[in-house]
Amino acid sequence: MILVLGVTASGKARLGFELAKSLGGEIISVDSMKVYRRMDIGTAKASPEARQQVPHHLIDVVEPSESFSVGLFLEKALAAIDDIRGRGRPVVAVGGTALYIKALLYGLFEGPGGDELIRAELRAQAQRDGLSKLHEALRRIDPHAADRIDPNDAKRIIRALEVFRLTGKPISSFQKQFDAQQPMHDWTILGLRREKAEESRRMNARVRKMVELGLVQEVRSLLAEDRPLSRQARCAIGYAEIIEHLQGRMSLEDAVEEIKKNTRRLAKGQRTWFKTFKGVCWIDVGAQEPAEAVIERAMRELDR
């Protein structure tokens, strides 16, 4: 039971693939956007060739028009774990969606029940004033949650504000109680970490590569499908900005810069989340350190 985590573009996918290949294991993707079919370039999915060499789970499981939740992820992930272990193979979970990682380790934080009237009011407010206003409101009442939640994540922003309205308490106060629980399985957790300047360089390079590989065409094809993209799919970093471009509200150059900026913001939130995870063996990667050396270091950690 190995979990490889790190911020976006940290190299965790390469490490997870090589570990799974070496150990004869199978990969569980812990990513909220790789679940969507045909959203390939913008989510940096493993290539078909890599997926032939090592089985990947929780990739391409729903249509882009459908919603997907952390609860549904956990249900499918636990089923995949049982299946993989039942066949006597190692599990290698790989990802950077912090909320999904949290659920995989500790189960679900339920919190108070929902109130559809409050949610509808908050959605209308987001439509009227912009999602950034809601994120600012969340920061005033719960800065810890605001640091963790991406400003483009409408669902989680609205949920955090809803919990505060229902209980008068910030959602992070409930999650602190939840943090005290023990992991559901005996995980060995490996984390990849680089200097922030190097991480930003890698993120910018990845964004440029996505555009070169055809991100604009991918988004155009998705928008042309009969069923419209779900709110989650439309809000995904890389897709939201290109949609703005294709709808004439932003130049391609500006859209690419927005993707870079939002990716760095996502990484900041990931770092904040990862600080709360216990028992992570962090591997600090040098700027010029080859991937093969990082893989060797990870294997040594697993042998301890």
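I looked up strand 4 (residues 91–95) and found it mostly covered, with five of its five residues buried (under 20% relative accessible area, with exposed over 50% and partly exposed in between, for a 1.4 Å probe and protein chains only). Strands (E, at least two residues) and helices (H or I, at least four) are DSSP runs numbered from the N terminus.

This is a predicted model, in which local features need pLDDT of at least 70, side-chain atom pairs count only at pLDDT 80 or more, and totals for chains, interfaces and linings use all residues. Residues are numbered from 1 along each chain as its sequence is written, and side-chain values use heavy atoms, without hydrogens and water.

I checked the directions in strand 4: Val91, Ala93 and Gly95 point one way, Val92 and Val94 the other, and all are buried.

I then looked for its partners, where pairing takes at least two DSSP bridges between two strands. Strand 1 (residues 2–5) pairs with strand 4 in the parallel sense over four bridges, and Leu3 has Ala93 as its bridge partner. Strand 2 (residues 26–30) also pairs with strand 4 in the parallel sense, over five bridges; there Ser29 stands opposite Val94.

Next I turned to the second largest pocket, which holds about 230 Å³ of space. Strand 5 (188–193), helix 10 (196–213) and helix 14 (252–274) are the elements that give two or more residues to its lining. Among the lining residues I noted Gly6, Arg193, Lys196, Arg271 and Trp282. I sorted the lining residues into four nonpolar, one polar and six charged.

Conventions:
On a 1 Å grid over the protein atoms alone, a cavity is a set of points where a 1.4 Å probe fits but cannot get out, and a pocket is an open set with protein on both sides within 12 Å along at least five of seven lines; lining residues have an atom within 4 Å of a point. Grid points are joined across faces, edges and corners, and a volume is the space filled by probe spheres set on the points. Ala, Val, Leu, Ile, Met, Phe, Trp, Tyr, Cys and Pro count as nonpolar, Asp, Glu, Lys and Arg as charged, and the others, Gly among them, as polar.
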